[in-house]
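Work through the exercises below with the sequence and the model side by side. Try each task before reading its solution.

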Amino acid sequence: MPSGKVIQRQARKGRVRRRVQGTPERPRMTVFRSQQQIYVQVIDDESGQTLVSASSLDKNLKEDISQIRNAVPEPPAEPKAEAAEDGKKAKKGKPKPPKRPPSKNILIAGRVGEAVASLCKDKKIEKVVFDRNGYKYHGRVKSLAEAARKAGLSF
């Protein structure tokens with residue numbers, strides 16, 4: 001029996017899928033994320049074929065992903081106390097915490113986005129329709145989409 005979160009995501013997915021349709025000119029790029037992995041498919045809905053697929057389990061990405069997973073995280077920098085400048089009062093309250101580096105899964109999703117964009121270019125696919133599959137556009141999904149855009153895919 002699916003949990004409440006899964007049912008809600010499926011409902012959001014259905015609402016989006018009513019509007020998003022992949023064509024041969026602009027196929028649909030859909031994302032699925034599990035707890036550990038992320039998967040992407042570029043689908044032509046008219047013929048019902050998957051044109052391109054990539055995931056964090058692909059053998060050609062294995063080396064990049066193992067480097068990301070085995071990297072030692074840097075400790076966060078200590079916040080600097082702001083000195084009063086030109087007689088101005090120093091700000092009261094707690095200093096802002098340092099910005100954390102992106103998680104390993106977010107970096108891996110970016111690599112998968114680059115990989116799917118290069119595979120699409122090999123198949124001469126320049127434009128796609130992005131289907132986030134009911135997930136919020138942040139974190140791993142956002143990282144994947146931005147990396148694919150950066151690598152030359154437009155959506």
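The exercises go from the overall layout to strands and then to aromatic rings.

This is a predicted model, in which local features need pLDDT of at least 70, side-chain atom pairs count only at pLDDT 80 or more, and totals for chains, interfaces and linings use all residues. Residues are numbered from 1 along each chain as its sequence is written, and side-chain values use heavy atoms, with hydrogens and water left out.

**Exercise 1. Find the partners of strand β1.**

Two strands pair if DSSP finds at least two bridges between them. Take β2 to begin with. Strand β1 (residues 28-33) and strand β2 (residues 38-44) pair in the antiparallel sense, over 6 bridges. A hairpin of 4 residues joins β1 to β2. Next, take β4. Here the pairing with β1 is parallel, over 3 bridges. Finish with R28. In β2, I43 stands opposite R28. In β4, the bridge partner of R28 is V129.

**Exercise 2. Classify the ring pair F130 and F155.**

Rings of Phe, Tyr and Trp (its six-membered ring) pair if their centres lie within 6.5 Å; planes under 30 degrees apart are stacked, over 60 edge-to-face, and the rest tilted. A search of the whole structure gives 4 aromatic pairs. In one of them, the ring centres of F130 and F155 are 5.2 Å apart and the planes meet at 20°, so this pair is stacked. Then place the two residues. F130 is in strand β4 (residues 129-131), and F155 is in the segment after α4 (140-150).

**Exercise 3. Which residues form a cluster through ring pairs?**

Follow the ring pairs. They link F32, Y39 and Y135 into a cluster.

Methods. Helix = DSSP H or I, 4+ residues; strand = E, 2+ residues; numbered from the N terminus.
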